Amino acid sequence: RYVVSGSSDQSIKVWELSTGRLLHTLTGHTAGISSVYVRGGRYIVSGSIDQSIKMWKPSAVSSQLLHTLTGHTGAVSSVCFSGDGRCVVSGGADMSVKVWGIS
């Protein structure tokens, strides 16, 4: 089980819940992280002031960037997965809500 945090330093940190130990630092955004969401401990989605969304797969050994989604014209302020896990939903400062199909 993981706890995930996003920061203004452009990083996402994955922590082991039982020990509080830092497992991974995810980098790739070019501005601060405004939102993170974890689906079942298996996938992380992050939104950033850089107007992008990234989807990650964490593991005990490493974390892999799976997708980068672009299309907002302002900062991404919120991200989540749909109930069935087939879509990422994002809201942004551009006053839009986007639904992204993922596979």
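Glutamate 16 forms a salt bridge with arginine 21, with 3.6 Å between the closest N and O atoms. The model is predicted. A search of the whole structure finds one salt bridge.

**Salt bridge**

- Glutamate 16 is partly exposed, at a relative accessible area of 23%.
- Arginine 21 has a relative accessibility of 46% and also counts as partly exposed, because that class lies between the 20% and 50% cut-offs.
- The 3.6 Å separation of glutamate 16 and arginine 21 falls within the 4 Å limit for a salt bridge.

**Open sheet**

- Three strands form an open sheet in the order β8-β9-β10, and their pairing is antiparallel.
- β8 (76-81) and β10 stand at the edges, each with a single partner strand, so one side of each has no neighbour in the sheet.
- On average, neighbouring strands of this sheet are turned by 20 degrees against each other, direction ignored.
- Strands of a sheet pair through backbone hydrogen bonds, in either a parallel or an antiparallel sense.

**Strand pairs in the sheet**

- β8 and β9 pair in the antiparallel sense, over five bridges.
- Cysteine 80 has valine 89 in β9 as its bridge partner.
- Strand β9 (residues 87-92) pairs with strand β10 (residues 97-101) in the antiparallel sense, also over five bridges.
- Valine 88 has tryptophan 100 in β10 as its bridge partner.

**Positive phi in the β9 and β10 hairpin**

- Most residues other than glycine have a negative phi.
- Which residue of the hairpin of β9 and β10 takes a positive phi? Methionine 95 does, with a value near 65 degrees.
- Four residues lie between the two strands of this hairpin.

**Positive phi in two other loops**

- Glutamine 10 is not a glycine, yet its phi is positive, at about 80 degrees.
- Glutamine 10 lies in the loop between β1 (2-6) and β2 (12-16).
- Is glutamine 10 buried or partly exposed? Glutamine 10 is partly exposed, with a relative accessible area of 33%.
- Glutamine 51 is another residue other than glycine with a positive phi, near 80 degrees.
- The loop between β5 (43-48) and β6 (52-58) holds glutamine 51.
- Glutamine 51 has a relative accessible area of 31% and is partly exposed.

How values were computed. Residues are numbered from 1 along each chain as its sequence is written. This is a predicted model: local features need pLDDT of at least 70, side-chain atom pairs count only at pLDDT 80 or more; totals for chains, interfaces and linings use all residues. Side-chain values use heavy atoms; hydrogens and water are left out. Two strands pair if DSSP finds at least two bridges between them. Buried means under 20% relative accessible area, exposed over 50%, partly exposed in between (1.4 Å probe, protein chains only). Axes are lines fitted to C-alpha atoms, for helices over the stretch in contact, and angles run from 0 to 180 degrees between N-to-C directions. A salt bridge is a side-chain nitrogen of Lys or Arg within 4 Å of a carboxyl oxygen of Asp or Glu.
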